[in-house]
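Please look through the structure below before reading on. The paragraphs that follow go from the whole chain to its parts.

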Amino acid sequence: MGYDLFITRAEFWPENEGREITAEEWVKLVEADQELKLAGYNGPYFALWDGPSKYPEAWLDWDNGNIYSKNPDKAIVAKMIQIAGRLGARVQGQDGEIYLDTSQVSDPDDPLPPIEIERSGQRWWRRMFRAR
């Protein structure tokens with residue numbers, strides 16, 4: 001089990017009807033980015049990132065109008081934020097929190113710090129933990 005982060009144009013990533021990032025946009029972005037390449041396995045949109053991640057195969061994938069990664073480290077989150085900017089999107093955790101920078105990301109063996117989450121105009125605090 002893990003924690004997913006999404007690049008989305010939606011207010012809340014699973015409710016993205018009419019705000020989808022298309023598969024074609026994703027493929028075009030991957031082809032234009034020298035750090036990304038389609039892997040050729042795990043589906044047609046599964047891409048590997050050749051960046052400074054601590055993971056030997058850092059990856060991003062497209063599914064149902066969003067781009068996502070599981071348990072990304074700070075470097076992958078930074079790349080996701082860069083990609084989101086190019087797509088007119090944002091990075092959002094599976095519980096709806098928004099990542100504007102990597103300050104919210106800690107070592108995967110440590111819990112994420114408390115972060116402010118804004119959903120439907122309501123602000124509330126939540127402490128989230130990564131699955132180990």
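A residue counts as buried when its relative accessible area is under 20%, as exposed when that value is over 50%, and as partly exposed in between. In this predicted model, buried residues make up 45% of the 132 residues in the protein chain. The chain exposes about 7400 Å² of surface, and carbon and sulfur atoms supply 48% of that area.

How confident is the prediction? The mean pLDDT of the protein chain is 84, and 79% of its residues reach 70 or more. Over residues 109–132, however, the pLDDT is below 50, although this stretch has 54 contacts in the model beyond near neighbours in sequence. Where pLDDT is low, the predicted coordinates should not be read in detail.

Next comes the order of the elements. The protein chain contains two helices and nine strands, and along the sequence they follow the pattern β-α-β-β-β-β-α-β-β-β-β. Of the contacts in the chain with a separation of 6 or more, 47% are between residues 24 or more positions apart. The C-alpha atoms of Pro72 and Asp4 are separated by 7.8 Å, while the two residues are 68 residues apart along the chain. With a relative accessibility of 1%, Pro72 counts as buried.

On one side of the account is β3, which pairs with β4 in the antiparallel sense over three bridges; here Trp49 has Ala58 of β4 as its bridge partner. β4 is also joined to β5 by three bridges, and these two strands run antiparallel. In this second pairing, the bridge partner of Trp62 is Ile67 in β5. β4 and β5 form a hairpin with two residues between them, and Asn64 in the turn has a positive phi of about 50°.

Aromatic rings form another set of links. How many aromatic pairs does a search of the whole structure find? The search finds seven. In one of them, the ring centres of Tyr45 and Trp62 are 5.0 Å apart and the planes meet at 70°, so the pair is edge-to-face. Tyr45 lies in the loop between β2 (36–38) and β3, and Trp62 in strand β4, so the pair ties together parts that are 17 residues apart in sequence. Tyr45 has 26% relative accessibility and so counts as partly exposed, whereas Trp62, at 19%, counts as buried. Ring pairs also link Phe6, Phe12, Trp13, Tyr41, Phe46, Trp59 and Tyr68 into a cluster.

How values were computed: Residues numbered from 1 in each chain as written. Predicted model: local features only at pLDDT ≥ 70, side-chain atom pairs only at ≥ 80, totals over all residues. Heavy atoms only, no water. pLDDT = per-residue confidence, 0-100. Contact = heavy atoms within 4.5 Å. Phe/Tyr/Trp six-rings, centres within 6.5 Å; stacked < 30°, edge-to-face > 60°. Helix = DSSP H or I, 4+ residues; strand = E, 2+ residues; numbered from the N terminus. Buried < 20%, exposed > 50% of the residue type's maximum accessible area, 1.4 Å probe, protein only. Pairing = 2+ DSSP bridges. Areas by Shrake-Rupley, 256 points an atom, 1.4 Å probe, with all protein chains shown as cover.
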